[in-house]
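Subject: Structure for your files, with notes

Dear colleague,

Please find the structure below.

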Amino acid sequence: MSNKAFYLTTPIYYVNDAPHIGHAYTTVAGDVLTRWHRQKGEQVWFLTGTDEHGQKVMRTAEANGSDPQSWADRLVKSAWIPTWGKLNIANDDFIRTTEDRHMDRVQHFLQGLKDSGHIYEGKYEGPYCVGCEEFKLAGDLLDGATPDEKLCPTHSKPVELLSETNWFFKLSAFAQPLIEHYKANPSACEPASARNEVLSFLEGGVSDLSISRSSFDWGIPVPWDTKQVVYVWFDALLNYATAVGIGDDPNSEGGKKFAQTWPADVHLVGKDILRFHAVIWPAMLMAAGIPVPKKVFAHGWLLVGGEKMSKSKLTGIAPSDITDFFGVDAFRYYFLRSIPFGTDGSFSWEDMVARYTSELANDFGNLASRSIAMIEKYCDGKVPQPAAEPKVAEAAQKAGEISDERICALDFQGGILAILDFCKVVNGYVTEQAPWVLAKDPANKAELEKVLYTTVESLRILAVLFYPVMPETCEKLWEALGAKILGPIGDQKISEVAAWGQLPAGVQVSRGDVLFPRLPEPENA
Ligand code: MSP
């Protein structure tokens with residue numbers, strides 16, 4: 001369809017606790033990518049939300065003396081939505097799995113699978129990890145303290161042994177179609193390491209999946225057997241489609257939304273939940289005769305002390321611990337800049353201080369404040385006549401092209417580096433031209449104005465390219481450059497950003513706040 005939107009999702013997060021920087025990492029990546037696509041002039045739909053059913057949430061609520069619904073309501077309102085607001089996440093929708101719009105469509109979808117013969121009754125006997133909400137294979141587990149105890153390798157906690165009569169989905173029937181799908185469409189699962197993992201898992205043989213639970217009731221009732229609730233992952237994965245109207249009449253609002261968004265372009269997930277997304281989810285869709293997502297991208301973990309950072313291991317860091325010190329935009333920048341998307345990376349306070357200071361405050365922030373100050377001093381604060389400096393204009397062109405290509409390939413680090421490289425070219429140019437020396441002799445006026453035009457025009461380009469990563473800072477810079485005359489920064493197109501000479505002569509610049517203030521001394525932080 002010509003008006004197909006670029007549709008991106010994050011995982012929906014469990015509401016057993018408040019967000020930590022691991023959750024924020026995924027959500028910020030999604031926000032940067034969708035903002036980038038918006039600046040390419042595309043229609044975009046960006047979904048995030050919360051996963052509220054299942055034993056994990058139910059037990060946390062109980063342990064806190066609450067019922068699960070009130071617990072989820074409280075956490076969503078007091079923690080999840082405010083955190084995304086604070087981090088400037090521009091999601092178009094926020095789905096909660098306890099909403100009727102989700103639960104009704106899940107039941108409808110499930111009934112469809114039952115009616116078409118993809119579901120049967122059986123007995124599940126085996127280990128289950130409530131932390132992962134996952135039926136485990138014996139071979140996946142670690143030995144515990146006693147001969148009978150087995151531990152989940154992700155949570156280092158004992159698994160529970162289940163023995164229940166449940167409803168099963170014929171997942172095994174889709175192993176071969178999925179193998180063929182990933183071989184024919186390598187971009188459907190990235191990076192390559194993730195695809196290989198999924199392929200070898202599928203080639204090892206896949207069992208049918210229990211998709212209901214009977215021993216507790218915090219979930220969506222199975223429509224034809226209301227004593228059972230839908231398995232939380234089966235419920236949760238469907239959020240990507242229920243939020244955009246799966247199963248609705250094609251002429252209804254939901255049906256039109258579905259036609260406009262489906263199939264999803266990118267499901268961003270952490271590598272821990274890859275199999276759910278690259279095996280179970282597309283199999284569910286195949287069974288229902290619905291197109292599978294175009295891409296599942298598995299990123300790595302943020303590590304603390306060499307292990308996946310997590311609240312359950314008491315290594316969770318709240319985003320505010322970092323944003324209170326470095327600011328929101330430096331937070332958005334840092335993780336995407338320093339960790340190749342798709343591999344694990346350690347968070348280090350020292351590394352963040354070093355990058356903040358050298359890349360953001362010095363290379364980018366100082367370039368802006370020095371350039372604007374010189375225009376105030378030497379040109380009465382007015383942008384000089386546009387002039388061309390081919391070396392810099394070519395570097396801008398290259399930065400625009402490479403960053404676009406890299407970011408669309410989800411190589412955030414490569415994209416950001418291309419923009420930073422341009423920043424370095426401009427800094428080198430200013431140092432080389434030394435406008436403060438040119439200013440000493442009125443005979444150099446034309447040369448001086450050319451140099452200063454080149455620097456502010458370059459800053460216009462930097463503001464647009466960095467805007468998806470650091471919206472608040474770039475908005476400030478846009479204002480300081482007087483670039484509002486060109487329209488809102490969010491309307492500037494990536495494809496046109498490097499066309500030289502857009503900032504018109506005579507526009508008034510203004511020295512606003514410092515873009516990246518000096519960091520407080522750590523002992524005062
Ligand atoms: N509710 C499920 C997802 C259902 S999606 C249909 C879930 N939720 S979760 O709250 O545990 O968070 C999942 C996601 O948070 C991970 O896949 C990953 O995207 C992110 N991260 C959680 N800890 C992380 C790190 N330490 N590092 C990076 N990302 C991490 O699983």
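Which helices and which strand each supply at least two residues of the shell around the ligand? They are strand E1 (6-14), helix H1 (21-39), helix H7 (232-237) and helix H8 (239-242). Please keep in mind throughout that this is a predicted model.

Ligand site

The largest share of the shell comes from E1, which gives four residues. In total, 24 residues surround the ligand, and Ile12, Thr26, Asp51, Leu302 and Met309 are the closest. Sorted by class, the shell around the ligand holds 12 nonpolar residues, nine polar ones and three charged ones.

How much of the ligand's 670 Å² does the protein bury? The ligand exposes that area when taken alone, and the protein buries 96% of it.

Second largest pocket

The second largest pocket holds about 430 Å³ of space. Its lining consists of 20 residues; nearest its centre lie Phe135, Leu137, Phe201, Ser207 and Leu209. Strand E5 (134-135), strand E10 (209-210) and helix H10 (274-288) are the elements that give two or more residues to this lining. H10 gives the most, with four residues. By class, the lining of the second largest pocket divides into 12 nonpolar, three polar and five charged residues.

Cavities

How many cavities of 30 Å³ or more does the structure hold? There are two.

The largest cavity contains about 50 Å³ of space. It is lined by 13 residues, with Gly54, Phe216, Val230, Tyr231 and Val232 closest to its centre. Seven residues of this lining are nonpolar, four are polar and two are charged.

The second largest cavity contains about 40 Å³ of space. Its lining is made up of Ala24, Tyr25, Val28, Phe331, Arg332, Phe335 and Leu336. H1 and helix H12 (328-338) are the elements that give two or more residues to it, and H12 has the largest share, with four. The lining of the second largest cavity has six nonpolar residues, no polar residue and one charged residue.

Sheet

Six strands form an open sheet in the order E3-E2-E1-E14-E15-E9, with parallel pairing. Which strands are at the edges, each pairing on one side only? They are strand E3 (93-96) and strand E9 (189-190). E9 pairs with strand E15 (residues 296-299) in the parallel sense, over two bridges. Glu190 stands opposite Phe297 in E15. The sheet also connects to the ligand site: E1 is one of its strands, and E1 supplies four residues of the shell around the ligand.

Regards

Note on methods. Residues are numbered from 1 along each chain as its sequence is written. This is a predicted model: local features need pLDDT of at least 70, side-chain atom pairs count only at pLDDT 80 or more; totals for chains, interfaces and linings use all residues. Side-chain values use heavy atoms; hydrogens and water are left out. A residue is near a molecule or strand if one of its heavy atoms lies within 4 Å of it. Accessible areas come from the Shrake-Rupley method with a 1.4 Å probe; for residues, only the protein chains shown count as cover. Ala, Val, Leu, Ile, Met, Phe, Trp, Tyr, Cys and Pro count as nonpolar, Asp, Glu, Lys and Arg as charged, and the others, Gly among them, as polar. On a 1 Å grid over the protein atoms alone, a cavity is a set of points where a 1.4 Å probe fits but cannot get out, and a pocket is an open set with protein on both sides within 12 Å along at least five of seven lines; lining residues have an atom within 4 Å of a point. Grid points are joined across faces, edges and corners, and a volume is the space filled by probe spheres set on the points. Two strands pair if DSSP finds at least two bridges between them.
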